[in-house]
Amino acid sequence: MRLFTTVLLAATFALAMAFASTNYAEETSTAPKDAPAFKSGPGIESGYYVFCYFRDNGQDGLHYAVSRDGYKWTPLNNDESVLMPPVDKNTKLIRDPSITRGSDGIFRMVWTVAWDGRHFGYACSDDLIEWRDAIAVPAMDFEPTTRNTWAPEIFYDEPSEQFYIFWSSTIPGRFSPADQGTSETKYDHRAYYTTTKDFKTFTPTKIFFNPDHNVIDGFLFKKNDSYYLFYKDETLFPEAKKIILYAKSDSPEGPWTKGVRVSPQNWVEGPSVLDVNGDWLLYYDCYTANKYAGMRSLDGENWEDVSDWISFPKNIHHGTTFEVPKDVYEKLVEKYGIMK
């Protein structure tokens with residue numbers, strides 16, 4: 001999720017590229033030469049995967065692409081929207097959609113409803129086709145000066161049998177002077193969260209993640225009893241970052257380790273991680289280059305760039321990848337058709 005200012009981008013992009021090769025090189029992990037072999041790859045069908053995303057400003061709603069190998073992603077419905085925004089005064093868009101499936105088999109989706117405001121969107125579905133119970137959740141109403149509620153992410157935690165929903169907001173003056181901020185148009189985001197078991201009652205909103213810098217686009221991934229939080233350092237001032245990192249914890253609520261950079265590029269956002277045949281595949285939006293990139297890992301610590309091996313629909317933005325049962329996949333394909 002971003003607020004993109006053309007003038008600022010032109011002025012800062014070249015500077016960010018200059019820093020990229022010096023300031024962060026030592027933070028990016030690479031795979032050792034004797035690492036075990038990967039089990040995933042282009043053409044190796046290993047599951048049934050869906051990618052939900054948006055186009056343009058999110059005004060036409062939810063889009064899907066599907067994959068069997070995690071590398072080649074093909075649009076459904078001729079790359080047209082499958083769900084329009086449930087428009088009212090609080091829900092104008094579907095941006096940054098995030099979908100997960102709970103133990104009850106129901107898919108739950110949250111999304112960014114507007115550039116400003118204190119709400120995020122929620123809806124549920126049995127089959128990813130028919131959606132119901134759409135509401136705007138007033139997650140930040142307790143802070144009336146909150147400017148925005150961006151990129152909510154939903155994660156089902158099996159041990160606690162509850163859903164975690166977390167997002168990024170700027171409260172003017174909370175973490176930097178209100179007339180300054182640390183990114184475009186005086187934003188200075190931190191991640192907040194709530195939990196729920198029934199989507200009727202929600203726990204009071206709390207700080208989820210504060211790495212002492214501007215942060216957006218969190219994504220939570222669990223592997224081997226550890227929780228990995230992938231996120232974007234949204235800092236623009238005094239030095240442009242705009243990179244993807246991850247932190248680790250034994251609990252979905254932290255405390256979190258110090259962030260480690262994953263993306264070799266700057267000016268990226270919207271990370272999403274998928275377990276493909278035991279391998280970690282990390283995808284993210286290179287929004288200034290108008291394309292998606294990918295990294296692969298065996299252990300979540302050593303990563304290699306597989307951007308040249310992956311293919312996504314063109315001109316897409318921030319979404320979430322997830323695995324679905326075979327019958328759900330087949331019904332989606334039957335309903336919408338795979339774009340040739």
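Tutor: The side chains of arginine 118 and aspartate 141 meet in a salt bridge, with N and O 2.9 Å apart, where a salt bridge is a side-chain nitrogen of Lys or Arg within 4 Å of a carboxyl oxygen of Asp or Glu. Arginine 118 lies in the loop between β5 (107–112) and β6 (120–125), and aspartate 141 in the loop between β7 (131–137) and β8 (150–157), so the pair ties together parts that are 23 residues apart in sequence. The helices (H or I, at least four residues) and strands (E, at least two) are DSSP runs, numbered from the N terminus.

Student: Before going on, what kind of model is this?
Tutor: This is a predicted model, in which local features need pLDDT of at least 70 and side-chain atom pairs count only at pLDDT 80 or more, while totals for chains, interfaces and linings use all residues. Residues are numbered from 1 along each chain as its sequence is written, and side-chain values use heavy atoms, with hydrogens and water left out.

Student: And what does the chain average in pLDDT?
Tutor: The average is 90, and 89% of the residues score at least 70; pLDDT is the predictor's confidence in each residue, from 0 to 100. Over residues 3–32, however, the pLDDT is below 50, and this stretch has 49 contacts in the model beyond near neighbours in sequence, a contact meaning heavy atoms within 4.5 Å.

Student: Back to charges: how many salt bridges does a search of the whole structure find?
Tutor: The search finds 15 salt bridges. One of them joins lysine 223 and aspartate 275, at 2.6 Å from N to O. Lysine 223 lies in strand β12 (residues 215–223) and aspartate 275 in strand β16 (residues 269–276), so this pair ties together parts that are 52 residues apart in sequence.

Student: Is lysine 223 buried or exposed?
Tutor: Lysine 223 is buried, with a relative accessible area of 14%, whereas aspartate 275 counts as partly exposed at 28%. Buried means under 20% relative accessible area, exposed over 50%, and partly exposed in between, using a 1.4 Å probe and protein chains only.

Student: OK, new topic: how many aromatic pairs are there in the whole structure?
Tutor: A search finds 32 aromatic pairs. Among them are phenylalanine 51 and tyrosine 53, whose ring centres are 5.2 Å apart with their planes at 20°, so the pair is stacked. Rings of Phe, Tyr and Trp (its six-membered ring) pair if their centres lie within 6.5 Å, and planes under 30 degrees apart count as stacked, over 60 as edge-to-face and the rest as tilted. Phenylalanine 51 is buried at 1% relative accessible area, and tyrosine 53 is buried at 0%.

Student: Which residues make a tilted pair, then?
Tutor: Tryptophan 150 and tyrosine 187 do, at 4.9 Å centre to centre and 45° between the planes. That pair links distant parts of the chain, with tryptophan 150 in strand β8 and tyrosine 187 in the loop between β9 (162–169) and β10 (190–196), 37 residues apart. Both tryptophan 150 and tyrosine 187 are buried.

Student: What lies over the face of tyrosine 187?
Tutor: Arginine 147 does, at 3.8 Å from the ring centre; a charge sits over a ring if NZ of Lys or CZ of Arg is within 6 Å of the ring centre and within 35 degrees of the ring normal.

Student: What does valine 324 touch?
Tutor: Leaving aside residues up to four places away in sequence, valine 324 touches Tyr48, Val50, Phe107, Leu128 and Tyr329.

Student: Last one: where is there a cis peptide bond?
Tutor: One runs from phenylalanine 237 to proline 238, with omega near 5°, and proline 238 lies in the loop between β13 (226–233) and β14 (243–249). Another joins glycine 254 and proline 255, with omega about 5°.
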